[in-house]
Amino acid sequence: MKPIINLQLPEFKVQAYHNGAFKTVTHEDVKGKWAIFFFYPADFTFVCPTELVDVADKYDQLRAMGVEVYSVSTDSHFVHKAWHDASESIRKIKYPMLADTVGVLSRAFGVMIEEEGMAYRGTFLLNPEGQVKIAEIHDNGIGRNADELLRKVEAAQFVATHDGEVCPAKWKKGEETLKPSIDLVGKI
């Protein structure tokens, strides 16, 4: 398996449902900002709405940090709209819901389940240069936690702006970081 960290966002063009309208989203729309690609198996399922709502609850915080969220499934933009219209939970979503109907994004991020035509649960954070900085893939029975995602985004942004510093386990914004050096070897 080819490592995905630091890989570049591929060129893509997909339809999306966003804020009551259909729109086209491309790789050009992602350039220059932090972006989360949040893959899930399918609309009208069970774990998926709990995750999408959890991210929706953090969306304002993520936007304040300069991060756009793109949820992605292999369902069409029409299905995304139908789900949005049918579900009180999904109506809370304000971020674009991408329709990866031919699996271009799912394959590029390594989450496509070919025999099922759907994606594993995958979360990917890209920096403004379009490089993957965080990659997390779950089996479809295991839901994700938006609080932990928010913490990881804060860590990635901190590391990106503080050359030579790294964030230890469970690091939270405002806590002490580490400056790797020979003096730290064996002392942590």
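This is a predicted model: local features need pLDDT of at least 70, side-chain atom pairs count only at pLDDT 80 or more; totals for chains, interfaces and linings use all residues.
1. Residues three or four places apart in an α-helix point the same way, because the helix has 3.6 residues a turn. D85 is partly exposed, at 42% relative accessible area. K81 is also partly exposed, at 30%.

2. Which residues of α3 are buried? In this helix, residues 77-86, they are H77, H80, W83 and H84. Viewed down the axis of α3, these buried residues fall within an arc of 120°, so they line one face of the helix. They pack against β1 (13-18), β2 (21-26), α2 (47-64), β4 (67-73) and β5 (97-99). F78 and A86 are on the other side of α3, and they are exposed.

3. C48 deserves a look. An unreviewed UniProt entry annotates C48 as "active site". C48 is placed in helix α2. Is C48 buried or exposed? C48 has a relative accessible area of 1%, and the cut-off for buried is under 20%, so C48 counts as buried. Beyond its neighbours within four places in sequence, C48 is in contact with Y40, P41, A42, W83 and R121. Among these contacts, W83 is one of the buried residues of α3.

4. R121 also takes part in a salt bridge. Its partner is E51, and the closest N and O atoms are 2.7 Å apart. This pair links distant parts of the chain: R121 is in strand β8, E51 is in helix α2, and 70 residues separate them. R121 is buried, with a relative accessible area of 2%. E51 is buried too, with a relative accessible area of 2%.

5. The network goes on to R144. Salt bridges link E51, R121 and R144. R144 is placed in the loop between β9 (132-138) and α5 (146-161). R144 is buried, at 11% relative accessible area. Its side chain reaches the backbone oxygen of G122 at 3.0 Å. The side chains of R144 and T123 are joined by a polar contact of 2.9 Å. Setting aside neighbours within four places in sequence, the contacts of R144 include F38, F39, Y40, D54 and H138. Y40 is a contact of C48 as well.

6. Next, the strands beside that loop. How do β8 and β9 pair? Strand β8, residues 121-126, pairs with β9 in the antiparallel sense, over six bridges. T123, the polar partner of R144, stands opposite E136 in β9. The hairpin of β8 and β9 has five residues between the strands, and G130 there takes a positive phi near 85°.

7. One more pair lies in helix α5. R151 forms a salt bridge with E148, the closest N and O atoms being 3.0 Å apart. R151 and E148 are three residues apart in α5, so about one helical turn separates them. R151 counts as buried, at 17% relative accessibility. E148 is partly exposed, with a relative accessible area of 32%.

8. For the record, the structure holds nine salt bridges.

Terms used
Residues are numbered from 1 along each chain as its sequence is written. Side-chain values use heavy atoms; hydrogens and water are left out. Helices (H or I, at least four residues) and strands (E, at least two) are DSSP runs, numbered from the N terminus. Buried means under 20% relative accessible area, exposed over 50%, partly exposed in between (1.4 Å probe, protein chains only). A polar contact is a pair of N or O atoms within 3.5 Å; within protein, one must be able to donate a hydrogen and the other to accept it, and residues adjacent in sequence count only if both atoms are side-chain atoms. Contact means heavy atoms within 4.5 Å. The arc is that of the directions from the helix axis to the C-beta atoms. UniProt positions are given in the numbering used here, feature names are shortened, and annotations may be inferred rather than shown by experiment. Two strands pair if DSSP finds at least two bridges between them. A salt bridge is a side-chain nitrogen of Lys or Arg within 4 Å of a carboxyl oxygen of Asp or Glu.
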